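Subject: Structure handover

Hi,

Here is the structure I promised to pass on.

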Amino acid sequence: MKELICNNTMFGIVLCALLWQIGLWCQHKIKKPIANPLFISMVLGVIVLVVFDIPLEWFRRGANMMDMLLLPATAALGLSVWRQRKVLLDNFWPVVIGCAVGCVVNVGAVWGMCRLAALDASLQYSLLPRSVTTPIAVALSEQGGGLPAITVTAVMVTGILGAVFAPALAKLLRLENCPVAVGVAIGTSSHVLGTTAAMEMGPVQEAMSSVAIGVSGLITVALAMLW
């Protein structure tokens, strides 16, 4: 019976949609940064699969269909950039320089911690591109001999942490009146997943975070030549 219900494409799609709605409901009720719908839905998804002993392959039949929406969803961020093009033009060099500094800090921090922990080269190359979007991160990881599975996990964790803690950090550092800086910081450090938090903070934060995703990806690719 379980195989009949779960081992099909619709199961993964329905489960993803249901858990996302639960995440949105929790966010509406709790109204705290920690109640990020993406984080909640991912945790609940793991719990459901483990408790009911559902093979990941069954879930992936439908979840793979959801993955197809990632590219158009990312491309749609360009609309927010177009709407805030004047802000971008007025702050062009601060945005570029901010992305560059953020990328150097991201890569440098990971490199330093990997050296302190005496991790081998494959793990180091797997973790170095953790702050850029998944396709770029995986390509850079494979180029250096890293492990794509670890890279994807690191990218996901980085993005979720950014989405959960970015609003609180912006408030703690009193950056509410600096939407450009907040958007650049989020996009540079936590790519698309972090941008989900920027979208809730305001249109300027969303647009600058979207720009930072692309700019940071290009800069990180350039830094990869030095690895």
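First, the ground rules. This is a predicted model, where local features need pLDDT of at least 70, side-chain atom pairs count only at pLDDT 80 or more, and totals for chains, interfaces and linings use all residues. Residues are numbered from 1 along each chain as its sequence is written, and side-chain values use heavy atoms, with hydrogens and water left out.

On to the cores. A nonpolar core here is a set of buried Ala, Val, Leu, Ile, Met, Phe, Trp, Tyr and Cys residues joined through side-chain atoms within 4.5 Å. Buried means under 20% relative accessible area, exposed over 50% and partly exposed in between, with a 1.4 Å probe and protein chains only. The largest such core has 19 residues, and L88, V95, C99, V180, V184 and M208 have the most contacts inside it. Helix 8 (92-116), helix 12 (179-201) and helix 13 (203-223) each give it at least two residues; helices (H or I, at least four residues) are DSSP runs, numbered from the N terminus. Helix 13 provides the largest share, with 7 residues.

Beyond its neighbours within four places in sequence, V184 is in contact (heavy atoms within 4.5 Å) with V95, G98, C99, M208, S209 and A212. There is also a second, separate core of 9 residues, with L15, L19, L49 and I54 among them.

Now the cysteines. How many disulfides does the structure hold? The count is 0, taking a disulfide as a pair of cysteine sulfur atoms within 2.5 Å. C99 is in none, and the nearest cysteine sulfur, that of C103, is 6.4 Å away. Seen from C103, the sulfur of C99 is the closest one, but it is too far for a bond. C99 counts as buried because its relative accessibility is 0%, and C103 is buried too, at 2%.

T151 sits in helix 11 (residues 148-172) and is buried, with a relative accessible area of 0%. Leaving out neighbours within four places in sequence, T151 contacts S126, P129, A137, V138 and S141. Y125 belongs to helix 9 (residues 121-127) and touches S141, G144, G146 and W227, again not counting residues up to four places away. Between Y125 and C103 there are 15 Å in space, C-alpha to C-alpha, and they are 22 residues apart in sequence.

Cheers
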